[in-house]
Amino acid sequence: MSEHPPTTGRGLREARIDLGAVRSNIETLRALVAPALTMAVVKADAYGHGALGVARAAVEAGADWLGVADLEEALALRAAGIDAPMLAWLHAASTDFVPAVDAGVDLGISTLDQLDRAATAGATVQLKLNTGLSRNGFEPEDAPAAFARAVELGVRVRGIFSHLSNTSRADDDAQLALFEALLSQAADAGLAPELRHLAATEAAIRRPELRFDLVRTGIGMYGLPAADGVDAAALGLRPVMTLAGTVANVRRVDAGAGVSYGFTHRTQRPTTLALVPLGYADGVPRAASNRAEVLIAGTRQPVVGRIAMDQFLVDVGDSPVRVGDEVVLWGDSATGAPSVEEWAAWAGTINYEIVTRVGPRIPRIPVP
Ligand SMILES: *Cc1c(COP(=O)(O)O)cnc(C)c1O
């Protein structure tokens, strides 16, 4: 059993963001994938961890590129002083590309219209190809026309990339074969992109032959596994986020007490209920009601009754839990805390969704 965790005294709730773990995870991933370059993916506020702190730590640790979905995300990082190479790949029909040029942000380009607009703005682009995922990217049959158009426009094509479905080895292999065929068509058209990239965390770790010139690592940088059956800790990756709160109330109840909305739980015996001041507004999934566990004073205790918007209850039995004691919802399982993956299982989702949904009411506290 771990030691009684320190009470932070920082208030109702916080997400501690271990920037040392970010740096160490980036170093681990870089060592694994070298000589391929590493792009740290910090979209969606760095998967809920806070984009600025994570981006800084990742760059300090040697991440060669930063990747985001929206151009706005890239521009916010630039405005905060992050000058690492950056790629943004998801655009509205109305997105103005001129600020990308001024900020030196590469654009992932998926349509001829985007290509034309990028050329007019004078942008540096990375062409995205759909090799099977059916999200964005040029269709394989449209790729030759896109390559020819890029050459004709004289736009700088720094990269060509695609994204895997992580369905099976065979599906990834089919995407790989198509990607290679399209790369050779690009070469025939006269393009010589310096960055060819296909792999996100899962393939970057498991499939050396899919790494090409660069890998785009998101979830692995946060110390979390990209798929079931991947042991992130065995790879040397450490979870970055610890979500914690402090007990806001303690109540001794009799057997038969109704617990939270809908009385989906009633106490079976006299017991103590601890009130935890986080709820689904903060990203604690309601679907995990009556299933999840939390760590209080070094002991795992069950969440009972429905998780509400701002709070939930924990049955701590006869443990001497007091108001102000720290409650860890998730963190590094080496400390005895539930893992993000356990919460994902309790909620019927994936670890990505658990961390990304941590809400705006939770302060992200950097742990240097
Ligand atoms: C989100 C994303 C990634 C990162 O994926 P992980 O599985 O988190 O490593 C990489 N590439 C693209 C295009 C993405 O959208």
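Reader: Which backbone oxygen does the side chain of His-91 reach at 3.4 Å?
Author: This is a predicted model, in which local features need pLDDT of at least 70 and side-chain atom pairs count only at pLDDT 80 or more, while totals for chains, interfaces and linings use all residues. Residues are numbered from 1 along each chain as its sequence is written, and side-chain values use heavy atoms, with hydrogens and water left out. A polar contact is a pair of N or O atoms within 3.5 Å; within protein, one must be able to donate a hydrogen and the other to accept it, and residues adjacent in sequence count only if both atoms are side-chain atoms. At 3.4 Å, the side chain of His-91 reaches the backbone oxygen of Ala-88.

Reader: How far is the backbone oxygen of Gly-108 from a polar atom of the side chain of His-91?
Author: His-91 sits in the loop between strand 4 (86-90) and helix 5 (98-103), where helices (H or I, at least four residues) and strands (E, at least two) are DSSP runs numbered from the N terminus. Not counting residues up to four places away in sequence, His-91 touches Phe-97, Leu-107, Gly-108 and Gln-114; contact means heavy atoms within 4.5 Å. From the backbone oxygen of Gly-108 to a polar atom of the His-91 side chain, the distance is 2.8 Å.

Reader: Is His-91 buried or exposed?
Author: Buried means under 20% relative accessible area, exposed over 50%, and partly exposed in between (1.4 Å probe, protein chains only). The relative accessible area of His-91 is 14%, so this residue counts as buried.

Reader: How far apart are the end C-alpha atoms of helix 1?
Author: The expected span of a helix is 1.5 Å times one less than its number of residues. Helix 1 (residues 19-33) has 15 residues, so it should span 21 Å. The value computed between its end C-alpha atoms agrees, being 21 Å.

Reader: Which residue has a side-chain oxygen within 3.1 Å of the backbone nitrogen of Gly-20?
Author: Gly-20 is one of the buried residues of helix 1, which include Leu-19, Val-22 and Ile-26. Those buried residues pack against elements including strand 1 (13-18), helix 3 (51-60) and strand 19 (364-367). At the start of helix 1, the side-chain oxygen in question comes from Asp-18.

Reader: At what angle do the axes of helix 1 and helix 3 cross?
Author: Axes are lines fitted to C-alpha atoms, for helices over the stretch in contact, and angles run from 0 to 180 degrees between N-to-C directions. Leu-19, Val-22, Arg-23 and Ile-26 in helix 1 meet Gly-53, Val-54, Ala-57, Ala-58 and Glu-60 in helix 3. The axes of helix 1 and helix 3 come within 8 Å, and their crossing angle is roughly 40 degrees.

Reader: How far apart are the axes of helix 6 and helix 7?
Author: Helix 6 (residues 112-121) and helix 7 (residues 143-153) pack at an angle of about 15 degrees. That makes helix 6 roughly parallel to helix 7, since angles under 35 degrees count as roughly parallel, over 145 as roughly antiparallel, 65 to 115 as roughly perpendicular and the rest as oblique. The contact is made by Leu-112, Leu-115, Asp-116 and Ala-119 of helix 6 and Ala-145, Ala-146, Arg-149, Ala-150 and Leu-153 of helix 7. The axes are separated by 11 Å.

Reader: What is the omega of the peptide bond from Ala-34 to Pro-35?
Author: Pro-35 is placed in the loop between helix 1 and strand 2. The bond joining Ala-34 to Pro-35 is cis, with omega near 10 degrees.

Reader: What is the phi of Tyr-47?
Author: Tyr-47 is part of helix 2 (residues 43-47) and is buried, at 7% relative accessibility. Although Tyr-47 is not a glycine, its phi is positive, at about 50 degrees.

Reader: What percentage of the residues of the protein count as buried?
Author: The protein has 11 helices and 19 strands, and its C-alpha atoms fill a box of roughly 80 × 40 × 40 Å along the principal axes. Among contacts between residues at least 6 apart in sequence, 66% join residues at least 24 apart. Of the 368 residues, the buried share is 53%.
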